[in-house]
Amino acid sequence: MTSVPRLKSKIRVQALLRRVDLAGVFAAVIKRGDPDAGAIAVKVFRDRDHVDLYTEARDADGNHVWIRQFEEPVSEADVEAKIAGETKFDSDLWVIEIEDREGRSFLEDEC
């Protein structure tokens, strides 16, 4: 069995930022993680009371998937608390913030 090479995290972040930019939406890297293998979290900010958080994972078959961390948009404080907890366990985590009133994440496979 051959393994499929993974794209480096830095390249995947750059691709996400480019997709967001092409849509005329603002995005920023809030925290830089490991450029090669750091996990990525995407914070989608509609307003202070409507924020979504997506994190990446692998399914049972090893495929890349995005997981929406909350069923409904939550407050910015709730998302920041979740990110703080994640970074305690994964200091290599990238955090990207997208400011979009429509709540689009611009992820490859929209959650």
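A search of the whole structure, which is a predicted model, finds one cavity of 30 Å³ or more. The volume of this largest cavity is about 40 Å³. Its lining is formed by Arg 12, Val 13, Leu 16, Arg 19, Ile 40, Trp 66, Leu 107 and Glu 108. Helix α1, which spans residues 9-22, supplies the largest share of the lining, namely four residues.

The sheet may be described next. Five strands form an open sheet in the order β1-β5-β2-β3-β4, and their pairing is mixed. Strands β1 (26-31) and β4 (64-68) stand at the edges; each has a single partner strand, and therefore one side of each is left without a neighbour in the sheet. From one strand to the next, the twist averages 25°. Helix α1 packs on this sheet and touches β1, β2, β3 (50-58), β4 and β5. The direction of α1 makes about 0° with that of β5.

| Strand pair | Sense | Bridges |
|---|---|---|
| β2 (residues 40-47) and β5 (residues 94-99) | parallel | six bridges |
| β3 and β4 | antiparallel | five bridges |

Individual residues illustrate each pairing. Between β2 and β5, which run parallel, Lys 43 stands opposite Glu 97 in β5. For the antiparallel pair of β3 and β4, the bridge partner of Tyr 54 is Arg 68 in β4. Strands β3 and β4 also form a hairpin, with five residues between the strands. In this hairpin, Gly 62 takes a positive phi near 85°.

Which strand of the protein chain has the highest confidence, and which element the lowest? Confidence is highest in β5, at 98, and lowest in β4, at a mean of 91. The edge position belongs to β4, while β5 stands between β1 and β2 in the strand order. Over the protein chain, pLDDT averages 91, and 93% of the residues score at least 70.

The search of the whole structure finds one cavity of 30 Å³ or more, and the residues that line it include Arg 12, Ile 40 and Trp 66.

Conventions: Residues numbered from 1 in each chain as written. Predicted model: local features only at pLDDT ≥ 70, side-chain atom pairs only at ≥ 80, totals over all residues. Heavy atoms only, no water. 1 Å grid on protein atoms, 1.4 Å probe; cavity = no way out; pocket = protein on both sides within 12 Å on 5 of 7 lines; lining within 4 Å. Points joined across faces, edges and corners; volume = space filled by probe spheres on them. Helix = DSSP H or I, 4+ residues; strand = E, 2+ residues; numbered from the N terminus. Pairing = 2+ DSSP bridges. Axes fitted to C-alpha atoms, helices over the stretch in contact; angles between N-to-C directions. Contact = heavy atoms within 4.5 Å. pLDDT = per-residue confidence, 0-100.
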